[in-house]
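User: I want to learn how to read helix packing and backbone features from a model. Can you take me through one?

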Amino acid sequence: MTSLLGRISECHKIQSGGEAVVYRAKLDGNILVALKSYKEIRPLNADLLSFFSSHQFPNVVKLFGADLFKGRPFTISEYIRSVSSLDMSPMPPLVAVRLLREITVSVSALYAAGSFHGDLSPENVLIKDYSSPYLVDCGIKGMGTPHFAAPERFQGAGPSAKSELFSLGAVLYFWLTGEPLCGGSTFEAIETSVFKVESLDVTLLLHGKGRLRPEVLNALDPLWQGLLRRLPENRFEDFEELDERLEIAEKCIASEQAEKDLEEQEFWKAELKSKIVERETRIDASPEEFPFGKRCGTKSFVRDRFARWMLVCLFGLVLIVSVLVVIFLINDQPQVEDVGKSMLESSRHLQMEEEPRSVNSEKASGSIMGIISDEDSLSEDEERKEIK
Amino acid sequence: MIPLLACALFFVSCGKSSERLGNEALRVGDFDRAIKKFAEALDESPADRDARYGLALSYFGKAEAAEKINQRSLDLWTKAESEFRILSKIDNSAAKKMHSTVLFYLARATIAKDPQAKVLGILDESIALDSSNAFSFNLKALVLQGMGEVDEAKAIFIRILSEYPDFAPAYSNLGNLYWEAGQIEDAWDIWSMGVIQFPKNRHLKYWTKVAEDSLKNRVLEEGK
């Protein structure tokens, strides 16, 4: 955990929701990542995180890692310069169908790998450009966003291919209208609405909105019939079938496009680009934040890295000093050469201090050399004096 | 790499321990211990030049210490000289001056034991090893003087004084030589030169005074 946090720097808030705050941050100082910090203390699903961090799926944001900070989970994933599809709805029907096809491929790939998204909703689809949607927050274990959850999810069932198909239908409706099919201000109201989904004539509802032409409504109608069904067994067989129906719908819509539709699409694309730029500008302008305290911010990252290097250098220095000390101890013997010189100097100096012996013929045989005292010297002097 | 380096340093350190301890003992004047440690090092490696030099110096130190307190030192000088001789076979460029000094001491100790001993060979070897060893020259001159070779002795003393004018014993000894030969004026010249060179040398001052007095007495006697 510490190592992952230590690699994070330059956190700028993207958005703050009910359960988490999302930041744009840098990993290892240069990789832009999305850091999602949950507000509640809860355990991490290690298996799920391991699965998503070790697999790469088309149009699914890559998860780099996750951990806990003071009991609160955080995830670090690939950062996409994009906006949420929530902010780009309603969108032209051809764009919506094409985006849904891309998302279907992603969900199908997840399903093939034995997993599900579990919370398909407009908020969890990021749009990078005209045909590049990205799924975020994969692997939710709960029931997901109620407005887009299949009826069986309200009954406690886990995610399945069928529940994902229902959610995809609900998302498509939102993209076309900018509002959920199964609305409500309370959970119970939403639940009731979801369970009564078959009582709704979606095509008629869309017609009532007045945005879509009859040709488009006709092209989309089979999708509602295979997606927004109360019972799972009444929905499309699988994602391949959905893709085929989407392909047919896409071709129908594309073939019936009027100039006005093209203008609408261009306008939408321009708006998408503008919103992405606006969002990035807003993030850039937002103050740097330290969601894990200052120690985990930019400076702390640099500090930690610096501290690590300092430790390595210190260790190296200690090692070198130790080796030098050992070498010094070995070589710091009093060099025998130096001791010899010192002893020679001392010895010759000693000789100089000795009083010279007088040598006379009478005494030569008795005491030629040796250390003599002043007393000896003087006594000899006295003898000589007498001689002379 | 680091463990290997550490091991290498450890073994080098262990191998050098006897020699290191010998050096330490030698440095502080614990000559017996130094002899023991250097001998241990030589047991391991008899051709170890530093250990051999250390052992020779240890005997040198022990002999010198014995001499200072008037103990018999001839055997120790003999051992020291023996070690320096072995050392010269290991490294003939090493410690020549020290070897020369040892030979001087050996010659002096030999004479102290037996005044008739023939030490000129030892002194010549000492001078051959270190031609600047004025002590050996000086002792050789004294020995020659004792043997009656006065002219040769005189020549050596003069040579010492010309080459090493700061070698005080030569002034005394050359003065003595002249004094013994009855050349009181020459003796006075040499001793007074010595006094100029070494104003605090009691011996030279004393004998200069004696020579002066003697010369004055001679003049007075001649006047009578």
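User: At what angle do helix 4 and helix 5 of chain B pack, and how far apart are their axes?

Analyst: Keep in mind that this is a predicted model. Helix 4 (residues 49-68) of chain B packs on helix 5 (residues 74-90) of chain B at about 160°. Their axes are 8 Å apart. Angles over 145 degrees count as roughly antiparallel, so helix 4 of chain B is roughly antiparallel to helix 5 of chain B. The crossing of these two chain B helices is left-handed.

User: Which residues of helix 4 of chain B meet helix 5 of chain B?

Analyst: Start with the general idea. An α-helix has 3.6 residues a turn, so residues three or four places apart point the same way. Now the case. On helix 4 of chain B the contact residues include Arg49(B), Arg52(B), Tyr53(B), Ala56(B), Tyr59(B), Phe60(B) and Ala63(B). They meet residues of helix 5 of chain B, among them Leu76(B), Ala80(B), Glu83(B), Phe84(B), Leu87(B) and Ile90(B). By class, this contact has 14 nonpolar, no polar and 5 charged residues.

User: Now chain A. How do helix 3 and helix 5 of chain A cross?

Analyst: Helix 3 (residues 93-112) of chain A and helix 5 (residues 161-177) of chain A cross at roughly 160°. Their axes come within 10 Å. That angle makes helix 3 of chain A roughly antiparallel to helix 5 of chain A. The crossing here is right-handed.

User: What classes of residue make up the contact of helix 3 with helix 5 of chain A?

Analyst: First the residues. Helix 3 of chain A contributes several, including Ala96(A), Leu100(A), Ile103(A), Thr104(A) and Val107(A). Helix 5 of chain A answers with residues including Glu164(A), Leu168(A), Leu172(A) and Trp175(A). The tally is 11 nonpolar, 1 polar and 1 charged.

User: Next, burial. Is helix 8 of chain B largely enclosed or open?

Analyst: Count its buried residues. A residue is buried if 20 or more other C-beta atoms lie within 10 Å of its own. In helix 8 of chain B, 13 of the 13 residues are buried, so it is largely enclosed by the rest of the structure. At 1.5 Å a residue, helix 8 (residues 134-146) of chain B should span 18 Å, and its end C-alpha atoms are 18 Å apart, which agrees. After helix 8 of chain B comes Gly148(B), with a positive phi near 95°.

User: Which residues other than glycine have a positive phi?

Analyst: Most residues other than glycine have a negative phi, and most peptide bonds are trans. Two cases depart from the phi pattern here. Glu10(A), in strand 1 (residues 8-16) of chain A, has a positive phi of about 50°. Glu10(A) is partly exposed, with 16 other C-beta atoms within 10 Å. Asn70(B) has a positive phi of about 60°. Asn70(B) sits in the loop between helix 4 and helix 5 of chain B. With 10 C-beta neighbours inside 10 Å, Asn70(B) counts as exposed.

User: And what is the peptide bond from Ser89(A) to Pro90(A)?

Analyst: That bond is cis, with omega near 0°. Pro90(A) lies in the loop between strand 6 (83-84) and helix 3 of chain A.

User: Last, the whole of chain A. How many helices and strands are there?

Analyst: Chain A has 13 helices and 9 strands. Of its 388 residues, 34% count as buried. For contacts in chain A with a separation of 6 or more, residues 24 or more positions apart account for 65%.

Notes. Residues numbered from 1 in each chain as written. Chains lettered and ligands numbered in written order. Predicted model: local features only at pLDDT ≥ 70, side-chain atom pairs only at ≥ 80, totals over all residues. Helix = DSSP H or I, 4+ residues; strand = E, 2+ residues; numbered from the N terminus. Expected span 1.5 Å × (residues − 1). Buried ≥ 20, exposed ≤ 12 C-beta atoms within 10 Å, placed from the backbone. Contact = placed C-beta atoms within 7 Å. Axes fitted to C-alpha atoms, helices over the stretch in contact; angles between N-to-C directions. Parallel < 35°, antiparallel > 145°, perpendicular 65-115°, else oblique. Left-handed = near helix turned anticlockwise from the far one by under 90°. Nonpolar A, V, L, I, M, F, W, Y, C, P; charged D, E, K, R; others polar.
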